[in-house]
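Dear colleague,

Please find below the structure that I am handing over to you. My notes on what was found in it follow directly after it.

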Amino acid sequence: MNLDETVNNEVVRGTVNLAQVRSRSYEHPKTEYMSSLPSGNNNHAHFSDLDSMPNAKPRPRNSRMNTTGQIRSRPKLSSRAASIISPVSRNSMIRNLSTFSLYSNFAGERLEENQNKQRSTYVDEEKCKSNASRRSSLKNKTEVSVMDEESFVESDENDKPKASFSKAMFMFLKAFIGSGVLFLPKAFQNGGLALSIVLMVIIAAICLVAFQRLVNTQLSIGGSYGDVGGILYGQWVRFIVLFFIVISQIGFVCSYFIFVSGNLVNAVDVLSNCTSNIAEKYYIWFPLIILIPCALVRHIARLSFTIILADILILFGLICVIYFTADQLKNVGIGPNIAAVNPQNFALMIGTATFSFEGIGLIIPIVESMKRPEKFPLVLTLGMCIVTVIYILIGTLSYLAYGDKIQAAVIYNFPSDNKLTITIELLYSLAICLTAPFMLFPALKIIENGIFGRFGSGKDSMAVKWSKNMYRVIISIVCAAISFGVGGDNLDKFVSLVGSVACVPLCFIFPGMFHWKMSSKATDRAVDSFLMVFGAGVMIYTLYITINSFVHPQAAGESIGSYCPA
């Protein structure tokens, strides 16, 4: 069977298997087709020149052409020449499991460097407009490798919002349920059990309204969280929004440093049989061993597996928290001095509760990733209900189990010499260290763009590249220095301070202020005004109480002694 019969016997024109035809073409006797080629033709293809045939239609000059004259991509590598899972499949799997893409678009900001710029030498800028323009641009680009073409397909797929309802819910829960929940039991002591439960429900309901109004405004205006403020009020509001995003993310990282130091000192004291003479405050510098190398990574996608591992470890830690507190209630009973209302320190509870809803910056990326954004209100409502129930469950169980002996992080209350406790402390510390680069990434990129934006990319200048490296190292050290200055004894107060100063404006004030500018109904403007007044009042009052607690510390319950005698 010759080559022409092979093509003509295909049932549907344009669906011929080129791989099969090419394989058969090598068996086609060379003397039968060489005579049909024009003299001087250097084309080494095993097909005759179809353009010289009668009534032939012009066809694009391209080595990748099917029988209809359309450009088709190169055949993918066979299973014998490629791994079981292609790079595109592996990347898609990682995106489904991790939230690194949300942090690269934190608060809607495009913080990740554009990967398409690396392929600008092959493809014109018009490729971003449509798939058709991308195919036409490839007609004159014959030096594109197989991996480049796969990256084009991957870029097409990534640009399209395709997250389903369940995936959006999964990302929402991962964004909001983090290590901040461990600080809630101490907050329940500051507010009292009954008042804390009521405040958690109220704050969650207000956050629900504020988040929804932020999303509605963003869908109408477009752009990032800061862009919305800049469009509605001017560039100065955009800078203010970015400022609060930066200090909130740095505050989260500093809080986690202090938390890790407390875990490490307990674990090291037990494992070393009290032979270690390192003070707790010096353990604050240890997370830099992981943070600095990760902070130097330019593309956060390369750290995708670390966030997956961190999520697994955090989930394991939360399950162990429920186990230890339930076991304490079963074997020991309710802890001492449980208060229903604590009027003196309940403001600290408000700041910590706002701190716990730390996923405000990931709301807009989740909406933009959804295939059907109109379903996000259901995701938001159901997700906030689940998050609130989990927060109240862990806060209530922990406070009931340990009473006024509850520590700044509930893990500190677990039996020090228990093997499971040591495992939790070490694994949770590892999870925090792996999460910290993602928490710091938005702040790093926002400040970096402001400082080095006019100097271009570090790929073009080694001086710019190493200046950025030094800057990232300095920011990481500054976070550790702030944590060192705060100290482990003030962890609960510092968490409340971060929540009241940085999180309250982002959660309450700005959403109400932006939606007020867009709304025309009196009822909408009344709700927006309430959000702004409530946020401003909570911010001022909690800030005053938190600073006063630093200046005039009060003994709050009985503290647990160290494992090692003084």
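Helix α10 passes helix α20 in a left-handed crossing, a term used if the near helix is turned anticlockwise from the far one by less than a right angle, with clockwise giving right-handed. Please note that this is a predicted model, in which local features need pLDDT of at least 70 and side-chain atom pairs count only at pLDDT 80 or more, while totals for chains, interfaces and linings use all residues. Residues are numbered from 1 along each chain as its sequence is written, and side-chain values use heavy atoms, with hydrogens and water left out.

**Helix packing**

Helix α10 covers residues 193–221 and α20 covers residues 491–518; helices are DSSP runs (H or I, at least four residues), numbered from the N terminus. The axes of α10 and α20 come within 8 Å and cross at roughly 45 degrees. Axes here are lines fitted to C-alpha atoms, for helices over the stretch in contact, and angles run from 0 to 180 degrees between N-to-C directions. The two helices, α10 and α20, are therefore oblique to each other (under 35 degrees counts as roughly parallel, over 145 as roughly antiparallel, 65 to 115 as roughly perpendicular and the rest as oblique). Among the residues in this contact are I203, F211 and L214 of α10 and F508, P511 and F514 of α20; contact means heavy atoms within 4.5 Å.

A second pair consists of helix α14 (residues 304–331) and helix α18 (residues 419–452), which pack at an angle of about 140 degrees with their axes 8 Å apart. The crossing of α14 and α18 is also left-handed. Their contact includes L309, L313 and Y323 of α14, together with L427, Y428 and L434 of α18.

**Buried positions**

Q218 is located in α10 and is buried, at a relative accessible area of 5%. Buried means under 20% relative accessible area, exposed over 50%, and partly exposed in between (1.4 Å probe, protein chains only). Leaving aside residues up to four places away in sequence, Q218 touches G223, V228, I364 and E368.

L380 belongs to helix α17 (residues 376–402) and counts as buried, with 0% relative accessibility. Its C-alpha atom is separated by 7.1 Å from that of L208, although L380 and L208 are 172 residues apart along the chain. With residues up to four places away in sequence not counted, L380 touches F172, L208, F211, Q212 and I363.

Helix α15 (residues 346–356) is mostly covered, as 10 of its 11 residues are buried. Among them are L348, M349 and F355.

**Aromatic rings and a charge**

The structure holds 22 aromatic pairs. Rings of Phe, Tyr and Trp (its six-membered ring) pair if their centres lie within 6.5 Å; planes under 30 degrees apart count as stacked, over 60 as edge-to-face and the rest as tilted. F183 and F259 form an edge-to-face pair, 5.9 Å centre to centre with 85 degrees between the planes. F183 lies in the loop between α8 (165–176) and α9 (184–191) and F259 in helix α12 (residues 235–271), so the pair ties together parts that are 76 residues apart in sequence. F183 is buried at 3% relative accessibility, and F259 is buried at 0%. F183, F252, F259, F355, Y412 and Y428 form one aromatic cluster.

Finally, the charged end of R525 sits over the ring of W516, 4.0 Å from its centre. This description applies if NZ of Lys or CZ of Arg is within 6 Å of the ring centre and within 35 degrees of the ring normal.

With kind regards
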